[in-house]
Amino acid sequence: MIFGPQFSLIFPSGRQPIMQNESIDRIPSKTTLCRSVSRARLVLFPIAIGLGLSLVISVVRWAQSDEARWFMYALDGMQYYLASAALTLMAMAITGLCLRPSVRTVVLTLTAMLFVAFGLSRLIRLDSFHGNRTPRFVWRWEPTAEERMGSYLANHREPIRTDREIAAGVFEPTADDFPGLMGQHRIAKRAHARLDCDWTVRSPKLLWSHPVGLGWSSFAVVGGAAITMEQRGDRECVVCYDLRSGVELWSHGTLARFQSEHGDGPRSTPTIHSGRVYACGATGIVVCLDLSSGELVWEFDAYGNTDSQAPYFGWSCSPLVVGRQLIVTPGIVTGGSMLSLDCDTGVERWRSGDDATSYASPMHAELCGTSQLLSFNGEGLRSLNEQGEGLWFHPWRTQGESRVNVAQPWVVEEGDMERPAEVLISSGYDMGTSLLRIARDEQGGKFEQGWTVETVWTSKALKSKLSNFVVHGEHVYGLDNGLLTCIRLSDGERVWKRGRYGHGQVLLVDDKLLIQVESGEIAIVAAQPDAHRELARWPTLTEKTWNHPALAGNILVVRNDREAAAFEMPTTSDASLVGW
């Protein structure tokens, strides 16, 4: 209704009426709104461009830095997952901008995605990571490795035998022994054990298989005893099994537990020498045990009185016996890169060096007529004499502060007083392989004792990340980020690259490569430069395997972080199973 010159509008919705004289002034015009938006654009648009350019410049600068390169190589296989996720998000954003879905559609889509993600989190769990850093998922209801081990110990474990019950000769050394990491001399080479690779007639015979505790330790074998390290609850255990039956003979536990996203437990392999077992735990505790009984002889804590601690992936050093010295490399960077302990008492003899530790183990070599201790540590390859005095050093820092040097060096040529020695080193993360020439220089040289180190060649064709490599004839064989690769020893050039074996391990057996595949099988490949030829493959384990295999005579012992098994390997009739 209209009353006079002024009128009111009555809305059924109950909103306040707009008076005729006030409505025009209270409602902003379209022109005013456009002007406000235009002013905002004039201010915000240059700011947005500046922020965007700054972000792009920062990303480009970071991508050109060493930190970015190390970060990308550390991601390894995760690069593909992250790239796929980024492309998916970009596609969703572009689709949303182009189609302009309603708010309801966006909310429903996000709700559905969250519901699916929540459902998957209830169904699966992250178990560990593969060697290429990709995650390994399992069903949530599957028992963990520790639960399987606990069930096995509760239901199948036999009483620990006494000395009188253990068969005579179980702990007696033989010519077929595999007494520590990668066998004699730590070069993963086993001679005079000619494998018969026609497994259609005779295949590997399973002797035993059962769960073991967590850890990446391998087996050391002397006589009929196979010894490894396992995590059992809150204790790091050195465990001795009968080689042919898998029955536990004895175990010794130390209160310690190292935890990691790549699996808890000890990383190093025990060393057996002169009736003693020497073992290093992942947290830095070194123990000496009696071989026949497992009784503790002495214990030493490498990090106990220092500010240093185990590296990111755990202390992986396998102890080295040289004479009556036990050599370990804890990497105590205030004068304790390498330690010498008395084999009989565990008393520290000397300590030397300021290098940070890495994941390789010390080696003993005779180079140019001089007994030397080689340490492939976090800074590079360093040599010391048996008194702990530095001889020579070659820098080789991998992955920045991570210092991931894992593969054992290989002495190609020992040399003498007149001829230089040659040593191979290799690492992953785009470092590659390098051949070093070491020579004496009595005129002074680069180091105090008169030594020079020269790089003969460096090649990116072989990058040993978690795996070792071997030399056979004039060629080098190893796993280049999971692919078996053959390179020439003379110049490092690649000959062939075939066969996906993952981040497993390689053992040279006569003229064949016995490969522990990361997925658990073993494969036999001809160590020949003309072509890649896989001769046989056999299932041994069922889970991710980074541990080195051990071959004692024709008995192959393998394990990972949850199970172990032993096989009797078929050999040719003329095979000699004695000697290295």
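In the predicted model, the lining of the largest pocket comprises 18 nonpolar, 11 polar and 6 charged residues. The space in this pocket amounts to about 810 Å³. Its lining consists of 35 residues, of which Gly183, Gln184, His185, Arg186 and Leu320 lie closest to the pocket centre. Several strands contribute to this lining: at least two residues each are supplied by strand 11, strand 15 (320-322), strand 19 (363-367) and strand 23 (410-413).

Strand 11, one of the contributors to the pocket lining, spans residues 271-273 and is joined to strand 12 by 3 bridges in an antiparallel arrangement. Within this pairing, Thr271 has Tyr278 of strand 12 as its bridge partner. The two strands form a hairpin with 2 residues between them, in which Ser274 adopts a positive phi near 50 degrees.

Strand 12 is also paired with strand 13 (residues 285-290), again in the antiparallel sense, through 5 bridges. Here Val277 is positioned opposite Leu289 of strand 13. A hairpin is likewise formed by strand 12 and strand 13, with 4 residues separating the strands; in its turn, Gly284 has a positive phi of about 105 degrees.

Terms used:
Residues numbered from 1 in each chain as written. Predicted model: local features only at pLDDT ≥ 70, side-chain atom pairs only at ≥ 80, totals over all residues. Heavy atoms only, no water. Pairing = 2+ DSSP bridges. 1 Å grid on protein atoms, 1.4 Å probe; cavity = no way out; pocket = protein on both sides within 12 Å on 5 of 7 lines; lining within 4 Å. Points joined across faces, edges and corners; volume = space filled by probe spheres on them. Nonpolar A, V, L, I, M, F, W, Y, C, P; charged D, E, K, R; others polar.
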